[in-house]
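Here is a short report on charged pairs and nonpolar packing in one protein model. Keep the sequence and the 3D view open as you read.

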Amino acid sequence: MSITQSVTSRRDVTRSSVPRPRRLPPAALTVALLPAIVAVWWVATNSGAVPSILLPTPQQVVESVPRVVLADGFGAQAGRTVLEIVGGFALGASVGFLLGVLLSASDRLRAAYLPFLSALEAIPTVILAPIIIASVGFGVEGKILQAAIACFYAVFITTLSGLGLAEPNAVNLMRSLRATRWQTMVKLRIPTALPVIFGGLQLGATTAIIGAIVSEFIGATGGLGYLMLRYRSGFDTAAYWVIIFIFLVIGLAAYLIVRTVERRVVFWRDSAITRPDLES
């Protein structure tokens, strides 16, 4: 054994013998931040720096939770909003994915319709709300449609971008094997694009929630957004903030669901990142 190999092996032994400091899991880091946020909130409201009409104290919000959650009809209102979010996300994500696949398969279609679809994204959904209400009414269908419009573009543009990430050599190999366009799409382009597509799905889940809330603000006869307007008109700020925190919980649940599905479908990405020999 040479001197260099001997020194290297000693360093490896020394590194392996030194215990690594334990790292806090991400969930613990998130929970550790909450007391700091509540402390800042408590100081800001009790010192009078923020008027109580805008932001009540943490204690007032906590005391209002049973009054809001146990109120008659709350379950039906929350279920209606969740239905609008889930339905809008399913519709918008499906249309966005299919259009992304379609435009990625044809340079002519992409050149013809991508500028038009990108320009449509610049139109706020709130402007389209009166037209949608006039077309389908104040029911759940219109809210689902607005949530779908809100989340469509995120899934569409990430799908279109991700499908172009396949290695040219791999594409040429598929062609040399006489693979059809469909086989190349299913067995090469879509698996390569999945990490990017799931990024669009996470963003789309958030924008679907925003789309559903905004649609309930403009014209609705039910839903959590409708409840927020009622509490605001009654100057019940504590209950208003309870609804805001319920939306935070819905957003967190949507993120965790998409993230869990992503880990199961795109399993190779996490397995590559968490390899012990690559961790510092």
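Predicted model: local features only at pLDDT ≥ 70, side-chain atom pairs only at ≥ 80, totals over all residues.

Residues are numbered from 1 along each chain as its sequence is written, and side-chain values use heavy atoms, with hydrogens and water left out.

## Salt bridges

A salt bridge is a side-chain nitrogen of Lys or Arg within 4 Å of a carboxyl oxygen of Asp or Glu. The whole structure holds four salt bridges.

| Pair | N to O distance |
|---|---|
| R80 and E84 | 3.2 Å |
| D107 and R110 | 2.3 Å |
| R259 and E262 | 3.0 Å |

Helices here are DSSP runs (H or I, at least four residues), numbered from the N terminus. R80 and E84 both sit in helix α4, residues 74–104. They are four residues apart, about one turn of the helix. D107 and R110 belong to helix α5, residues 107–121.

R80 has 17% relative accessibility, so it counts as buried. E84 is buried too, at 0%. D107 is exposed, at 56%. R110 is partly exposed, at 25%. R259 and E262 are both buried.

## Nonpolar cores

A nonpolar core is a set of buried Ala, Val, Leu, Ile, Met, Phe, Trp, Tyr and Cys residues joined through side-chain atoms within 4.5 Å. The largest one has 37 residues. Which residues have the most contacts inside it? They are F74, L224 and I243. Helices α3 (58–69), α4, α7 (140–162), α9 (181–218), α10 (224–233) and α11 each supply at least two residues of this core. The most comes from α9, with 11 residues.

Now look at I243. Contact means heavy atoms within 4.5 Å. I243 touches V68, F74, L224, L227, M228 and Y231, leaving aside residues up to four places away in sequence. A second, separate core has six residues, among them L117, F152, Y153 and L160.

Technical notes
Buried < 20%, exposed > 50% of the residue type's maximum accessible area, 1.4 Å probe, protein only.
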